[in-house]
Structure formats: C-alpha cells, structure tokens
Amino acid sequence: QQLADTLGVGKGTLYRYFRSKRELFYAALRHVMDKLDEEISLSIAGISEPLQISLRATAAYLRFFQAHPSAVQLLLQELAHFRQEGLPVYYQYRHQNRQRWINHIQHLIASQTVRALPAETVVEIMGDSLLGVMLSNYLGNRERPPELQAQQVLDMFFNGLLTEEGRKQWSRAGPH
C-alpha cells in the first residue's frame with residue numbers, strides 16, 4: 001500500500017504487474033543489481049589499462065552501495081526472508097559477471113602484472129572481500145570516499161601485507 005501511495009496509483013494497479021509482494025520484491029532486487037552492473041560498466045567504459053579498470057570498477061561498486069543504502073537493505077532482507085529459495089540474487093549476478101572478471105585477471109596474469117594464480121580463485125576472494133567491505137560500510141555507518149577506499153582495498157589485495165622479508169618467512173612457514 002505504501003508503494004502504491006508513493007506512486008500515486010491504486011494497489012490493484014501494482015498487482016497487474018506483480019502477482020505478489022514476493023514478485024515485486026525480486027523485481028526491485030533485480031533492478032538494483034542491474035543498476036549496479038550498469039554503474040560498473042559505465043565506470044570502466046573506454047579504459048584500457050587493466051589496473052585502472054580494477055580501481056574504477058571497485059570504486060564504482062563501493063560508490064553505488066554508499067549512494068543506495070536501501071540496496072544493501074534489500075540484499076539483507078532477501079537473506080533474512082528468502083534464504084531457503086536458493087542462490088541469492090546478489091550471487092546470481094556475481095556468477096553472471098564472473099567470466100568477465102576472470103578474463104580481466106587472466107589478462108593481468110598474462111601481462112605478468114599479477115602472480116600466476118587460479119583466476120577463478122582471485123575473482124572469488126576479491127568478490128568476497130568487496131562484499132565484506134560493502135557490508136561493513138553499511139553496518140558501521142562508514143562514510144569513506146569510495147575512490148580512497150577502493151585504492152586501499154586494492155593496495156592490500158595487490159601488494160599484500162608482507163614485506164620482502166616477510167614473504168621469505170612465509171614461504172619457509174610451510175605448505176601453502
């Protein structure tokens with residue numbers, strides 16, 4: 001009823017387009033994910049330098065959720081209310097875009113910019129890391145500039161924590 005009132009239409013009009021509240025909820029969630037994908041694509045359009053693509057895409061992702069906290073709420077509501085219905089919409093979209101980012105990482109590996117690691121693993125860990133940052137920003141009411149935060153995240157991801165000496169110690173620490 002609140003949505004119908006906000007739109008200035010009768011509740012019955014909404015049910016012409018959506019058979020249930022659940023269907024309306026999922027349409028809203030898919031719309032959010034389409035907008036996120038569009039924002040990321042626009043942020044990297046015309047960019048050819050691979051590390052710049054990584055930086056801009058990461059910043060666009062963080063900027064989107066900072067600008068649309070209700071999108072985070074929708075993602076959390078899906079987990080809270082519809083978890084039993086299968087793979088959440090967020091992860092469906094991640095899976096749809098997975099090959100694009102695997103290709104990106106493979107390009108970085110081929111150019112010897114990134115260590116030769118399984119690109120699928122890199123994409124999965126980076127995606128999980130960004131999801132964690134996005135949720136921490138939302139839950140902690142963080143208002144960090146997305147461009148700065150993207151730079152920090154990618155610095156940790158690409159450069160890591162260890163110094164050269166630390167990497168030597170790590171390699172001696174045991175199987176990895």
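Student: What share of the contacts in the protein with a separation of 6 or more comes from residues 24 or more positions apart?
Tutor: Residues 24 or more positions apart supply 64% of those contacts, where a contact means heavy atoms within 4.5 Å. Keep in mind that this is a predicted model, in which local features need pLDDT of at least 70, side-chain atom pairs count only at pLDDT 80 or more, and totals for chains, interfaces and linings use all residues. Residues are numbered from 1 along each chain as its sequence is written, and side-chain values use heavy atoms, with hydrogens and water left out.

Student: Ok, and how many helices and strands are there?
Tutor: The protein has nine helices and zero strands, taking helices (H or I, at least four residues) and strands (E, at least two) as DSSP runs numbered from the N terminus.

Student: Which helices cross at roughly 90 degrees?
Tutor: Helix H4 (residues 50-67) and helix H5 (residues 69-82) do, and their axes come within 4 Å; the axes are lines fitted to C-alpha atoms, for helices over the stretch in contact, with angles running from 0 to 180 degrees between N-to-C directions. H4 is therefore roughly perpendicular to H5, on a scale where angles under 35 degrees count as roughly parallel, over 145 as roughly antiparallel, 65 to 115 as roughly perpendicular and the rest as oblique.

Student: Which residues make that contact?
Tutor: On the H4 side they are Phe64, Phe65, Gln66 and Ala67, and these meet Pro69, Ala71, Val72 and Leu75 of H5.

Student: Is glutamine 112 buried or exposed?
Tutor: Glutamine 112 is exposed, with a relative accessible area of 73%, given that buried means under 20% relative accessible area, exposed over 50% and partly exposed in between (1.4 Å probe, protein chains only).

Student: And what about phi of asparagine 141?
Tutor: Phi of asparagine 141 is near 50 degrees, again positive in a residue other than glycine. Asparagine 141 belongs to the loop between H7 and helix H8 (146-159), and at 66% relative accessibility it counts as exposed.

Student: What percentage of the whole protein counts as buried, then?
Tutor: Of its 176 residues, 31% count as buried.

Student: Last one, what does the C-alpha trace span?
Tutor: Along its principal axes, the C-alpha trace of the protein spans about 65 × 35 × 30 Å.
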